[in-house]
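The sequence and the model are shown first, and a description follows.

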Amino acid sequence: MRDISPLRYRWPLIARIFFFFLAIATLAAPIPYVYFKPGVPNDVTGKLITIERAQTYTPNGKLYLTSILVTNPQSPVFGAETLYNWAIGPHAVLPRESVYPPASRDRQVTQDSRVEMAISRTAATAAALNYLGYEITEDYVVSRVREYSNAVGLLKEGDRIRVVDGKVIKEIEEIREAYKGREVGDVIRIEVERVIDGQLKRIALDVKLTKNIDSGDGPAIGILVGTNAEFPIDVTCNLRGVGGPSGGLIFALGVVEKLGAEDLLRGRSVAGTGTITPSGRVGAIGGIEEKMIGASRKGATIFLAPSENCVDIRHIPRGLQVIPVNTLAEAISYLRAPDTFKFPTCESLDNLTS
């Protein structure tokens, strides 16, 4: 009986050429994705923070402000680039819509990021000076009215926010809390002070709440709120090219470290991230694991992370101790603690809440 060999199908040359160019076109085609990768941390104990009209001290250690690199909303991302970032890690590749609002434009995102960074610096300075016992006065002002907000044409940049839905605003966190429990479409009254014809006048405005496009959860006024504070000393951040509010905690710690005689760093390399309010409350940020990787690459051994981000932490770089914090005062107390102190971990917090 004759041997029977398997049937082998030979693609025609024209078909092979077609599929070859189809694969090339697929890899070269732009796709709706963005990618994150660890940025290079910046040491705020050097010249990134300058302070005038106050005695300062030279820090004994490193304090790193971490960041991530993320694709701009209008920058093309190609199939081959996506496969590369998926393969090499620790880069994260995500659908564009999960990172940027659907209608966002490159210029708008960049402007918002710069405004958020400026707000963060002011809030961090206020938090640090409040902690150190300085007397400061604070106003909470409209820094930007977003294009999707129903407050467009009503609220203006520079408006000082006094009352929101019947609640007198004494801290910036109270603005969002004032309409907590309301629904999208509800109308709330906002009282602001505005300079009109050279005089400061109080006016009341009825604003319909809109959907929170940034977080996708609950209603929002649709504004960025900043702190307009009068400080007894001059604090300047000389960092360029970094946007967003996530550097607040580390910037505040840098101000405390330079103004205080106590050696908090004790020769250690400390990194971290987190938003901050003038009262010192630390809030969650994005890209926590990429920032931890960047800190580890820079040689940091301690990473201060917002407790709210514990649910996002799955992998901790070897040699990096992650300490969750809720406030600036808590972060300082952990830096002040001896090396033998049993620091909290995200796992210990999970056990407490389970």
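## Overall composition

How many helices and strands are there in the chain? The chain, seen here in a predicted model, holds eight helices and 22 strands.

The chain has 354 residues, and buried residues make up 44% of them.

## Contacts along the sequence

Contacts between residues at least 6 apart in sequence were also examined. Of these contacts in the chain, 70% join residues at least 24 apart.

## Aromatic pairs

Three aromatic pairs are present in the structure. One of them joins Y334 and F343 in an edge-to-face arrangement, with 6.2 Å from centre to centre and 80° between the planes. Another edge-to-face pair is formed by F341 and F343, where the centres lie 5.1 Å apart and the planes are at 75°. Both arrangements count as edge-to-face because the angle between the planes is over 60 degrees.

Y334, F341 and F343 together form one aromatic cluster.

## Burial within the cluster

F341, by contrast, counts as partly exposed because its relative accessibility is 39%, a value between the cut-offs of 20% for buried and 50% for exposed.

Key
Residues numbered from 1 in each chain as written. Predicted model: local features only at pLDDT ≥ 70, side-chain atom pairs only at ≥ 80, totals over all residues. Heavy atoms only, no water. Phe/Tyr/Trp six-rings, centres within 6.5 Å; stacked < 30°, edge-to-face > 60°. Buried < 20%, exposed > 50% of the residue type's maximum accessible area, 1.4 Å probe, protein only. Helix = DSSP H or I, 4+ residues; strand = E, 2+ residues; numbered from the N terminus. Contact = heavy atoms within 4.5 Å.
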